[in-house]
Every structure is written in structure tokens, then in C-alpha cells.
Amino acid sequence: MKFEENIRKVVPYVAGEQPNKPNMIKLNTNECPYPPAPGVEALAKELDVDSLRLYPDQNTTPLVHALAEYYHVKPEQVFVGVGSDDVLSMAFMTFFNSDKPILFPDVTYSFYDVWADLYRIPYKTCPLDENWHIDPADYRQENGGIIFPNPNAPTGLFEDLSVVEEIIKSNPDVIVIVDEAYIDFGGESALPLLEKYENLLVVQTFSKSRAMAGLRIGFCIGSEKLIRYLNDVKFSFNSYTMNLPAQVLGVEAVKDDAYFKGVTGRIIATRERVKKEMTALGFTFPDSRTNFLFVSHRTVPAEDIFRALRERDIYVRHWNKPRIENCLRITIGTDEQMDQMLAFLKEYLKDRME
Ligand code: PMP
């Protein structure tokens, strides 16, 4: 049809499947296996439904202030969005507005090229090295902006802050976005670098370490100037993005630091134990500092293992993409969930490894 000529056509991002089976073990979308902080549950039960008649605070003021206090920055340096996907999408639209290509790694979060296509931003990927690491030298070419996750996804590898700083320092004329979706599982945040670099934006989320993927809360911290530009774009797009319950419950989650540290600590402990057990079963993987492992088996193809696990209602993530088709991304669940998965894998691999 002729009208189709002028329709914006995009190939959408494909998120991990969201099955809903009673006894499934869901290790495919990096959610937290533990509930949100107890205060969140208590407050959710008390939610004043009458307050839903009104529009929510379009500046998400209490949540912005809670985050500013927690991360020791000014409220003017904080921007909140509906999940970090929303924050990242707004940041692409705001900061990547040049004719020069933006740069990001290959392999990385597979939403970046989708946003680039959606907003007609030219891009170029920089391949990871043979050990899945980012080479900062790759980011010394002309570009219109840079984005990478640290730790990277789906590899799980953390880059030392000196690598992050080298990339920011050698690119003073563009915005460098560090996507820290998984930073709370043992990485070191780039937030202190904000004191030195006005072109840095650090993005984080409540979806993993704060166990609130369902509420959709993400945020970023940057210089006051960058946050002003981001707000101008956001308020030109959709003013009331974050609903009232998310705003209220988000504040409550930030209050309980002991619970937050307890949950991330448990996940890290489980991850380190599972690393040993997976190695014993013949798996290899980069040394993850996230809430997932990116594994390959020495002899059995990833797709076979993926299908076998799926038949048992154990969901992990597999991509049919070059370079990573023989890898599985497995979220760290509870100890019990991991033990069930390991027990199954042990049985399954027994006959296939001789
Ligand atoms: N960045 C990375 C690297 C991710 O893996 C994810 C999770 N899919 C996100 C951002 C987005 O998470 P959310 O929108 O739930 O905050």
C-alpha cells in the first residue's frame, strides 16, 4: 500500500520470554529471585487507591531526592524513568544527535542497535577481544557518542574503572553512557568519575538488585547540564511517565539499605558457588560479576542444553546470533533453584560427555 512508504519501520527488540507455569524455574531474564524489601510490601498493601484519581508527580520528586541522597549527588543530577530501558531510550534521543556514528561493543545489550535504528542514529560496533573484554583503544576513533554496559551483558564481565575512565577521557566532545544495570553484584560504579567528567551519564535500574522489575523503575545520574537536556526531551515526549505506585514504592525500596545489601550478597554467594559446580560439569564462562552466568559447554551444543532445560520448565536465555550461538545466559536464582538446575544438568550431561 502506498501509505506504508512513509511509515517508520523498525525491527523491534526481542525480550526474553515470560512464561507463567506453576513450577517453572525462571532464569531467563535476570530478575531477582527474592522479593522486594519488606517495607515495599507493607506500603503496597496500604496504597490509597483514591490517590490514583490524580496525575502523579511529573518530576518524581520524592524518588529523585531519595536517590540523590543515597548516591550523594544533587537532585538536579538525577533523572528517573520507567525502567532503565526508558532512561536509555530517552538518552539515545537526547545525546546521540550527530551525523557521526555512535560506538558500542559487539557483543552487548541487544537493545542498543534497535534504538539507534529507531532514532536513525548511525552506529558502529567495536568487537570484544577474544576474552570478551572491551578494548578502550577501539573507542579512540571519531564518533557521535559511546554507550556500553559495565558489567557487560550478556558476557557478565566487569571492566576496571581505569578502562571506563580511559574511554571517557579520550572522548570529551561526546556523551559517554555507562549502563550499570548489573553494577550492584560486585562491580565498582563509575559514579565517582562524575566529579571529573561532565560528559558522563551513569544509568542504573531497580529491576535486578532491588527486585522490582515489575514496577519499572530506572534512573541515571550525570552533570546537572546533561540532566536538564534529558528532562527537556522527556517533557517534550511524555510528561507523566512514572505511575504513582512506582514512585511511592521506589522510595521505600531505597530506604532499606540493609535488605538491599543482604539480597545482593546472597546472590553473589550463590553465583560463586554455582561457578564451581558449573566448571565441574564441563562448562566454561567469563568470570561474571553480575546476577547471571554466560556459559558454554565443552562438548554439548548450547541449543541442545537449552531445549532440554526448557522441557523441564527451566528457562534460560539462548540467542541464535553469530559468536554467541553456543552460549547460554543463566540468571542466578535461589540456592534451591540452582541446585535443581545443577541436578538436572548432571543427569543430562552424564551420557553425553563420555
Ligand atoms: N541494560 C541492560 C544491560 C540490561 O540487560 C537490561 C535488562 N534487559 C536493561 C538495561 C533494562 O532493564 P530495565 O528496563 O528493566 O531497567
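Which residue of strand 13 stands opposite His318? The points below take up this and other features of the model.

1. The structure is a predicted model, in which local features need pLDDT of at least 70, side-chain atom pairs count only at pLDDT 80 or more, and totals for chains, interfaces and linings use all residues. Residues are numbered from 1 along each chain as its sequence is written, and side-chain values use heavy atoms, without hydrogens and water.

2. Leu328 in strand 13 stands opposite His318. Strand 12 and strand 13 (residues 328–331) run antiparallel and are joined by two bridges; strands count as paired if DSSP finds at least two bridges between them. Strands are DSSP runs (E, at least two residues) and helices likewise (H or I, at least four), numbered from the N terminus.

3. An open sheet of four strands has the order 9-10-13-12, with antiparallel pairing. Strand 9 (283–284) and strand 12 (317–318) are its edge strands, each pairing on one side only. Helix 8 (residues 257–280) packs on the sheet and touches strand 9, strand 10 (292–297) and strand 13. Contact means heavy atoms within 4.5 Å.

4. Ser110 lies in the loop between strand 3 (102–106) and helix 4 (112–118). Ser110 counts as buried because its relative accessibility is 18%, the limits being under 20% for buried, over 50% for exposed and partly exposed in between (1.4 Å probe, protein chains only). Apart from neighbours within four places in sequence, Ser110 is in contact with Tyr13, Trp319 and Lys321.

5. Phe3, in the segment before strand 1 (25–26), is exposed, with a relative accessible area of 56%.

Terms used
Axes fitted to C-alpha atoms, helices over the stretch in contact; angles between N-to-C directions.
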